[in-house]
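This report describes the model shown below, from the single chain to the contact between chains.

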Number of protein chains: 2
Amino acid sequence: MSLPGLPEGALAGVRVIDLTRILSGPFCTMTLADLGADVIKIEPPGRGDPVRAQGTMVEGLSWYFAAFNRNKRSLTLDLRQDAGRAVLAELLAGADVLVENFRPGTLDKMGLSAERLEAINPRLIVCSINGFGSSGPYADRPAFDFIAQAMSGFMSVNGAPDQPPMRTAPPMSDLVAGLYGALGVVSALQARAATGRGQRIETALTNGLISMLAYLSSEFFATGAVPERTGNDHPLVAPYGLFQAADGTVAVAPSNDTFVRRFLEAIELGHLLDDPRYDDNAKRMARRGELKELIDARMAPEPRAHWIEKLNAAGVPCGRVKDLAEVFDDPQVLSQEMVLEIDQGDGRVVRTTGFPIKLADTPCAVHRPVPDLGAHTDDVLAELGYEAEAIAGLRGDGAV
Amino acid sequence: MSLPGLPEGALAGVRVIDLTRILSGPFCTMTLADLGADVIKIEPPGRGDPVRAQGTMVEGLSWYFAAFNRNKRSLTLDLRQDAGRAVLAELLAGADVLVENFRPGTLDKMGLSAERLEAINPRLIVCSINGFGSSGPYADRPAFDFIAQAMSGFMSVNGAPDQPPMRTAPPMSDLVAGLYGALGVVSALQARAATGRGQRIETALTNGLISMLAYLSSEFFATGAVPERTGNDHPLVAPYGLFQAADGTVAVAPSNDTFVRRFLEAIELGHLLDDPRYDDNAKRMARRGELKELIDARMAPEPRAHWIEKLNAAGVPCGRVKDLAEVFDDPQVLSQEMVLEIDQGDGRVVRTTGFPIKLADTPCAVHRPVPDLGAHTDDVLAELGYEAEAIAGLRGDGAV
């Protein structure tokens, strides 16, 4: 579908100036780039986004960096120099969106106050992603995913009941805030079509996770009771969780009485539902441990594959706990194109995860490889009208 | 900003027909409704979305249901009756978006094949949210958040190294898929402005979580090594994690050497960085346990508040693990309006979490309270041109 160098996709024609680095912001702008936006990533000359130097290098490229920066162009700019800031202002004048994930106030210190941005381009949408929000008592605190997980309540509900609160290993607060940022940007584009004006958007690591506490927060609001950690058990339903087969565990999630009956009948324990010790959910919850032992004993002789086939045939949600080697070799995952091979155009091929949004007519696609630092500096400057000599001058001054 | 009954916001004027129930779909459509879309939730007469009967009831209303369905209108329709399906077709003819989270193929069985939907309204954007994707070997399997967490690899990386894989308590796969669905919908609106045509979008519980494995997946791709569970420790950096103060633990996340120095100096252990046992990150990783004991011993005499103030002043990301009672009483969380009180207009007030996307000019807002089942049936039918008698007839037949 896409021609070389010409981004297509749902957001084709949308230009994003990307001042972000590390995680939350780059995930936001990559999501926009995957959807077809032309994202120009601005990086400090010489070193670039610190993530370029993190994670395992493969043929000189950090695949961690690749996982957050495909489909972007890279422009180096020294924003401490007037010449660098002048280029940025020219870019913003012709852009639709600016995304940044500095600490609150940093953009102002760079000379890009709300008033200045408004003067440069009243149609510009400005998206800020930060730790706790740009106002309130914690606005100036340094933030980090682990801290956002701790302070949002997210960690408090995760983990086993007899163990400490447990973080989620993927940096969920960064990713969720980045995703909300992308949704805010595209929604603001929709609003701009009606109003003709851009606006400011903000998402925060903590606020994003708080919005995803789901029934844990609603039950807290309704009852005032602080939720207890229940590990892999469901707080309200039994049986549920990991059960022991001959060659490992099977995750089984019967969410209500109908599914519990299907599950127990499929493993030939349907008679338990006539046993006065197990004939309703409250009793099964009270005897969760005993019930698990009975189920484990029944399932232990046969391998996982046997039970997974049988339970799926009975309509019971179930599956294996897969490690990443199993996930990325899974025929379903591969058929969903959730492993992406990006041809860097120089013999290198990078693997990243695929696109979770499937759009039929304007699909997400690899429009551009992972950019080397400053790979598009000359192109972008030329688009702004800079002649080769002027570009050489900027380069000589270390401004690009 | 908003007038009663008139949705405003970034997505004002966008009409969404919502066939979803339970979790992933309702989260998607609520997010669109929070942004100002007019979401008409279609529910079976009599019982409605099963979540209406789940969670704690407060004055007759499930606050769990409220947490996923504010800002929507509720229309009851029996889609097994021709009359019900006819109303649905009329609604789709005038709508911008249809969202559904049935098992793949269900929409076809309801008579809403791709061809039929195209005939009804070629501008309609159709968003499907399912478990594993609508194609591939697992397409027909029943899905559930716990299973998606297990099969996406997400569970395999969470938890303590000496403990089993650990699910995340909030239903992250539902929420992430719902959020990607919302982003897909708004992106397709943007595409439609250029093409004049709607399109189909799909997101899946597993695919969403796979896309959020972040550096865990990129490191796996780069090295082939399956990541080990590291609990609350950082896989690559030490010191990091939960440390013991006089009245509980403090989460501290110094992400690189600069922050490690700030941390250790702030707790007067800066000399450890001159000790040949701890003078680089590799050594500190190897002696992580010893190092933690030294830090715990240093921090144990003083309360959490002391260290949090001191470490924040030194620029070290840190904070308490807050439980939900503490989160929803936190001055920062309250100042960010992350607790929302929804006035139901009948004396009842519902509490839910607030809006994580802050848009300056078209803010997310409570445009409508949580709908009682079928509360807007008459209004919506009247908008379609149904007279009172015709509505009474539909009601008499149990079609609405």
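## Domains and overall build

Domain bounds here come from an automatic or database domain assignment. For chain A the assignment gives domain 1 (15–212 + 332–396) and domain 2 (241–323). The C-alpha centres of domain 1 of chain A and domain 2 of chain A are 44 Å apart. This is a predicted model, in which local features need pLDDT of at least 70 and side-chain atom pairs count only at pLDDT 80 or more, while totals for chains, interfaces and linings use all residues. Residues are numbered from 1 along each chain as its sequence is written, and chains are lettered from A and ligands numbered from 1 in the order in which they are written.

Chain A has 18 helices and 14 strands; helices (H or I, at least four residues) and strands (E, at least two) are DSSP runs, numbered from the N terminus. Along the principal axes, the C-alpha atoms of chain A fill a box of roughly 85 × 50 × 40 Å. Of the 400 residues in chain A, 55% are buried. A residue counts as buried if 20 or more other C-beta atoms lie within 10 Å of its own, as exposed if 12 or fewer do, and as partly exposed in between, with C-beta atoms placed from the backbone. Two residues are in contact if their C-beta atoms, placed from the backbone, lie within 7 Å. Among the contacts in chain A with a separation of 6 or more, 70% are between residues 24 or more positions apart.

Strands pair if DSSP finds at least two bridges between them. In chain A, three strands form an open sheet in the order 9-10-11, with antiparallel pairing. Strand 9 (241–245) and strand 11 (318–319) of chain A are at the edges with a single partner strand each, so one side of each has no neighbour in the sheet. Strand 9 of chain A is joined to strand 10 (residues 248–252) of chain A by five bridges, and Ala245(A) stands opposite Gly248(A).

Two helices lie across these strands. Helix 14 (residues 304–313) of chain A lies across strand 9, strand 10 and strand 11 of chain A, at about 15° to strand 10. Axes are lines fitted to C-alpha atoms, for helices over the stretch in contact, and angles run from 0 to 180 degrees between N-to-C directions.

## Strand 6 of chain B

Strand 6 (residues 97–100) of chain B points Val97(B) and Val99(B) one way and Leu98(B) and Glu100(B) the other, and all are buried. Three bridges join strand 6 of chain B to strand 1 (residues 15–18) of chain B in parallel, with Val16(B) opposite Val97(B). Strand 6 of chain B also runs parallel to strand 7 (residues 125–130) of chain B, through four bridges; here Leu98(B) stands opposite Val126(B).

## The contact between chains A and B

The contact takes 114 residues from chain A and 114 residues from chain B. Helix 8 (residues 172–195) of chain A gives the most to the chain A side, with 14 residues. Strand 14 (residues 358–359) of chain A and strand 8 (residues 200–204) of chain B run antiparallel, joined by two bridges, and Leu359(A) has Ile201(B) as its bridge partner.

Chain A can be laid on chain B with an RMSD of 0.0 Å by a turn of 180° and a shift of 0.0 Å along the axis, the relation of a two-fold axis. Copies are superposed by least squares on the C-alpha atoms of residues with pLDDT of at least 70 in both. In chain A, the C-alpha nearest the axis belongs to Leu183(A), 2.6 Å from it.
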